[in-house]
Amino acid sequence: MPITEIVLVILLILLAPFSVAGLSLINTGLGRSRSAAHCLLTSLCIFAVAAGVYVICGFAWQGYIGAPAHVIVVAGRQWNWLARGSFFLRGIEFDGAPISLAAGLQIFSVGLAALIPMGACLDRWRLSAACASTALLAGWTYPLFAHWVWGGGWLAQLGINAAMGHGVIDAGGSGTIQAVGGLTALALAWILGPRRGKYSLEGMPTAIPGHNAVLILLGCFLAFFGWLGLNSAGAILFTGAAPGRIVLISINTALAAGAAVLAAVLITGMRFGRPDVSISANGWVGGLVASSASCAFISPLAALVIGAIAGALVTYSVEWFELHLGVDDPGGAISVHALGGIWGLLAVAIFARFPAPAVDIGGGLFRAASTRDAGQALAQAVAVATLIGFVLPLTYGLNLALNRIWPQRVAMEGERQGLDLYELGGGAYPEFVTHSDEFGQFR
Amino acid sequence: MKLAGFLLLLAGWAIVVAAVVLLIPANARVIFVVAGVGVEMIGLTLVIRSNPLAAREKE
């Protein structure tokens, strides 16, 4: 890579941590005041554990395009299923080589993916258990799927091996980061169960609003900066997008988020008489999530459509999960990241165009095609099928097994006191009377 | 029921992978991928319905 491109990618990578900061603030604001400090401290610890475990073994199994890997030969073709790198990033020269840049970006990407389940587990997830679960995600679940899409694995090879378009395209991580994190959030929400007082004996949900709208909305702004870095750096490193596409990527990211939040504001305004802050904020993030996979290869008009659909999807699915499926998701993590990420992957098939110079990875990984390829839709569908049919059972099984030996949910007394007092010994707002229990009969 | 649901999820994914790896004709591949996704959806439905709160809402 030319030195100017290396510097550019490094600057983009350094924007990525803002996504982690933004999501942490959003989660904290959507949770209860009695667990605010615990939420932020857990977010810090999750990021620390994710980064550490990923450096130890995660990147060794994720690898990069062209790096050594384990392959299976089936039907006369090689299918790459796991990288064969060295632990602790040994052997990687940090001299601006693409693999070193990818390792840098992935540290922040895995931190973001590991933080997503926090949104669904607010107010009841033990700090130690969150760290243990994060180690599983960062050490195994995330690297495995990310290798298949970004590391030259079998999903990326679908173009070469099976003539399916360019293989799975996921520039900024709608599938690898967002959907993996969102499906892990779903698995944990099932395992942990709902918050105390969330559902009545009849099964009707009770509203437990977030405690700080300013944190939520400030987090949205910070997340936007992070997503600019994720989408741009990911598109350059993992799909070979030309650096000049960064302007288009930035425009598309902004338009998608904007269309999503406006859709959410309009829909909640029409349905409830006034716009809902938390759902609108979730809509904004949903637009960012959905834009990630296709940001480098869609027109601005398509970005508007993708974002608007993402905003509507998040708005209705938050209620659907809570009311009809009995899943307590305070931060909307499942709707925003799992459903938004899946929509982002499918949107590539519907809206993306791949002019030949736009996709150019050394090693011939991506099959060159200058026109829209119907096989691309099938490749994206295979990626979605893999997420739902393999990643979800995998992450559920791992966390269920962990729960047997290391209970993930805090004791009921801890939930009543608030995690700040119970686990940390001090509240985030010690000078204020922050809560009173107002619930009647509950399960 | 939850275990059956997860097994169906894995089975559906296996059908999709087998279709991609083993089948050559595009039409056959599409049909079997769609079939695999269908099996996954059945499995996901079973897993969702096994949630006590969701099951109670259905009654």
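Across the interface of chain B and chain A the rule finds zero salt bridges, a salt bridge being a side-chain nitrogen of Lys or Arg within 4 Å of a carboxyl oxygen of Asp or Glu. The model is predicted, so that local features need pLDDT of at least 70 and side-chain atom pairs count only at pLDDT 80 or more, whereas totals for chains, interfaces and linings use all residues. Residues are numbered from 1 along each chain as its sequence is written, and side-chain values use heavy atoms, with hydrogens and water left out.

**Interface of chains B and A**

- Six residue pairs are in polar contact between chain B and chain A, both at pLDDT 80 or more (a pair of N or O atoms within 3.5 Å; within protein, one must be able to donate a hydrogen and the other to accept it, and residues adjacent in sequence count only if both atoms are side-chain atoms).
- On the side of chain B that touches chain A, the elements giving two or more residues are α1 (2–22), α2 (26–49) and α3 (52–58) of chain B (helices are DSSP runs of H or I with at least four residues, numbered from the N terminus).
- Of these, α1(B) gives the most, with ten residues.
- That side of chain B divides into 19 nonpolar, one polar and five charged residues (Ala, Val, Leu, Ile, Met, Phe, Trp, Tyr, Cys and Pro count as nonpolar, Asp, Glu, Lys and Arg as charged, and the others, Gly among them, as polar).
- The contact (heavy atoms within 4.5 Å) takes 25 residues from chain B and 31 residues from chain A.

**Helices α9 and α10 of chain A**

- The contact of α9(A) with α10(A) comprises ten nonpolar, eight polar and no charged residues.

Conventions: Chains lettered and ligands numbered in written order.
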